[in-house]
Amino acid sequence: MDRMLVVVFGTESKAYEGKKALLQLENEGSIVVYAHAVIAKNADGTATLKQSDDPGPLGTLVGTSLGSLIGLLGGPAGLAIGAAVGLVAGSTADLNNARIGDDFLDDVIKELLPNRFAVVAEIQEDWTTPVDTRMEAIGGTVFRRALSDVKDTVDDEEIAAMKADVAQMKAEHAQARADRKTKLQEKINQLDSKIQARLEKTKERRQAAEIRAKAKVEILKAKAATLKAKAADTTI
């Protein structure tokens, strides 16, 4: 299962130790790490990107679920993180792109207090014990949430509802007096514009999701090839 993972630590050194442990778990075959970063919560409530993985098949953090979550963790005044990864921190769009609920974000923010640090990662894991055991031993507090695609369903339902409204208004328009026809047509045009805008946004998000999915497949193939090569070396 693909999940968003946030592990909060009291010191920067512990956070880097946590990042190292995360990558060790991947090398052991316990998890797959798609992308990761270490962030610091500053005294003023903003967040600073301390370290991130090198751009791979997923590209930079910009536009990814992980990048959106990092932007949100900076809070409304998260200018430092916004400048680092090109995000508008704290926006509703970021929450949608992060594909996690606002309750998850609230839980993390309550723990990620000023002068604390966190390892943030998008991972694939079959069970939670390996990560929890390793991180808790270092002193980390673990938060995780499965990535959700529910937003697409919500968009489809809202678009269908708006189309139903348009159909109803068109039916009324056909039977309305001349003065009423003009007002109805204005409302129909406005709603049509909203529908087209929503359709375009939904299309863009689904295209981005397809790109991420293909990139993750490539990551998995690359990691499988690396593990196979390591196994071959040990048998020689």
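Modeller: Start at V7, which is buried. Its relative accessible area is 1%. The cut-off for buried is under 20%, so V7 qualifies. Keep in mind that this is a predicted model.

V7 sits in strand 1. What does V7 touch, leaving out residues up to four places away in sequence? The list is F117, A118, V119, M135, G140, T141 and V142. Take A118 from that list. A118 and V7 are 111 residues apart in sequence. In space, their C-alpha atoms are 5.3 Å apart.

Take contacts with a separation of 6 or more: 74% of them join residues 24 or more positions apart.

Now follow M135, one of the residues that V7 touches. M135 belongs to helix 6, which spans residues 129–138. Which residues of helix 6 are buried? They are P130, V131, D132, M135 and I138. An α-helix has 3.6 residues a turn, so residues three or four places apart point the same way. In helix 6, D132 and M135 are both among the buried residues.

What do the buried residues of helix 6 pack against? Strand 1, at 2–9, is one partner. Helix 1 (12–27) is another. Strand 2 (31–41), strand 4 (117–125) and strand 5 complete the list. Just after helix 6 comes G139, with a positive phi of about 105°.

Look at the helix partner next. Two packed helices are described by the angle between their axes and the distance between the axes. For helix 1 and helix 6, the angle is about 155° and the axes are 10 Å apart. Helix 1 and helix 6 are therefore roughly antiparallel to each other. Their crossing is right-handed. Helix 1 brings K14, E17, G18, A21, L22, Q24 and L25 to this contact. Helix 6 brings P130, V131, R134, M135 and I138.

Strand 5 covers residues 141–146 and holds R144. R144 leads back to helix 6. Its side chain makes a polar contact of 2.9 Å with the side chain of D132. D132 is one of the buried residues of helix 6. A second polar contact, of 2.6 Å, joins the side chains of R144 and E125. Beyond neighbours within four places in sequence, R144 is in contact with R3, M4, L5, F104, E125, T128, V131 and D132.

F104 on that list opens the next step. F104 lies in helix 5, and it is among the residues that meet helix 2. From helix 2 come L69, L72 and L73. From helix 5 come F104, L105, V108 and I109. The axes of helix 2 (residues 65–73) and helix 5 (residues 102–111) come within 11 Å and cross at roughly 55°. That makes helix 2 oblique to helix 5. The crossing is right-handed.

How many residues of helix 2 are buried? Nine of its nine residues are, and helix 2 is mostly covered. The buried residues include S65, G67 and I70.

N115 lies in the loop between helix 5 and strand 4. N115 counts as exposed, at 52% relative accessibility. Its phi is near 70°, a positive value in a residue other than glycine.

Next, a residue of helix 8, which spans residues 178–235. K194 lies in this helix. K194 counts as exposed, with a relative accessibility of 54%. Its C-alpha atom is 8.5 Å from that of M162, 32 residues apart along the chain.

Finally, step back to the whole protein. It has eight helices and five strands. From the N terminus, the order is β-α-β-β-α-α-α-α-β-α-β-α-α. Of the 236 residues, 38% are buried, and V7 is a buried residue. The accessible surface comes to about 12700 Å². Carbon and sulfur atoms account for 54% of that surface.

Terms used:
Residues are numbered from 1 along each chain as its sequence is written. This is a predicted model: local features need pLDDT of at least 70, side-chain atom pairs count only at pLDDT 80 or more; totals for chains, interfaces and linings use all residues. Side-chain values use heavy atoms; hydrogens and water are left out. Helices (H or I, at least four residues) and strands (E, at least two) are DSSP runs, numbered from the N terminus. A polar contact is a pair of N or O atoms within 3.5 Å; within protein, one must be able to donate a hydrogen and the other to accept it, and residues adjacent in sequence count only if both atoms are side-chain atoms. Contact means heavy atoms within 4.5 Å. Buried means under 20% relative accessible area, exposed over 50%, partly exposed in between (1.4 Å probe, protein chains only). Accessible areas come from the Shrake-Rupley method with a 1.4 Å probe; for residues, only the protein chains shown count as cover. Axes are lines fitted to C-alpha atoms, for helices over the stretch in contact, and angles run from 0 to 180 degrees between N-to-C directions. Angles under 35 degrees count as roughly parallel, over 145 as roughly antiparallel, 65 to 115 as roughly perpendicular and the rest as oblique. A crossing is left-handed if the near helix is turned anticlockwise from the far one by less than a right angle, and right-handed if clockwise.
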